[in-house]
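Me: I have a structure open and I'd like to learn how to read it one feature at a time. Can you walk me through it?

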Amino acid sequence: MRFKAVTDLTNSFNPVPKNERKKDKKLIDDKKHDCEYCGKKNCWTNKHHIKSKGSGGNDTEDNLIELCGACHRKVHDGLINKQELLKIVKRRKRK
Ligand SMILES: [Zn+2]
Ligand SMILES: [Zn+2]
């Protein structure tokens with residue numbers, strides 16, 4: 001009954017405990033970035049799509065900008081011009 005033995009081994013194999021996995025995810029989420037618009041250091045940022053996915057924007061670097069919560073809100077409220085963001089992305093590329 002070799003086949004059965006293999007099955008038993010699989011069943012007794014311990015998967016990664018749930019809380020361990022949670023810890024790993026937290027580690028990734030803890031990474032903080034600098035806001036590319038206001039230059040605020042080590043803050044919680046969001047990747048903003050300069051051209052929204054709805055209007056054909058892609059997940060490319062040219063279309064994504066790292067923004068802190070305050071700036072991100074401003075962009076969506078129309079307080080920050082899209083052209084400003086495009087300028088920042090262009091400047092970044094030249095470096
Ligand atoms: Zn900002
Ligand atoms: Zn956004």
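Me: Let's start with W44. Where does W44 sit in the chain?

Reply: W44 lies in the loop between α2 and β1. Those labels come from DSSP runs, numbered from the N terminus: helices are H or I with at least four residues, strands are E with at least two. Keep in mind that this is a predicted model, where local features need pLDDT of at least 70, side-chain atom pairs count only at pLDDT 80 or more, and totals for chains, interfaces and linings use all residues. Residues are numbered from 1 along each chain as its sequence is written, and chains are lettered from A and ligands numbered from 1 in the order in which they are written.

Me: Is W44 buried, exposed or partly exposed?

Reply: The general idea is to count other C-beta atoms, placed from the backbone, within 10 Å of the residue's own: 20 or more is buried, 12 or fewer is exposed, and in between is partly exposed. W44 counts as partly exposed, because 14 C-beta neighbours lie inside 10 Å.

Me: And which residues does W44 contact beyond its sequence neighbours?

Reply: A contact means two C-beta atoms, placed from the backbone, within 7 Å. Leaving aside neighbours within four places in sequence, W44 is in contact with K32, C68 and G69. With C68, the C-alpha to C-alpha distance is 5.9 Å, across 24 residues of sequence.

Me: Which residues make up the largest nonpolar core?

Reply: Such a core is a set of buried Ala, Val, Leu, Ile, Met, Phe, Trp, Tyr and Cys residues joined through C-beta atoms within 7 Å. Here the largest has eight residues: C35, Y37, I65, L67, C68, C71, V75 and L85. The elements giving two or more residues to this core are β2 (64-68) and α3, and β2 gives the most, with three.

Me: How do I read a helix like α3, and which of its residues are buried?

Reply: An α-helix has 3.6 residues a turn, so residues three or four places apart point the same way. In α3 (residues 69-76), C71, H72 and V75 are buried. Down the axis of α3, the buried residues fall within an arc of 100° (taken from the directions from the helix axis to the C-beta atoms), so they line one face. A70, also in α3, is exposed, with 12 other C-beta atoms within 10 Å.

Me: Where is confidence lowest, and where is it highest?

Reply: pLDDT is the predictor's confidence in each residue, from 0 to 100. The chain's mean is 81, with 66% of residues at 70 or more. Helix α2 (residues 18-29) is lowest, at a mean of 53, and α3 highest, at 97. Where pLDDT is low, the predicted coordinates should not be read in detail.
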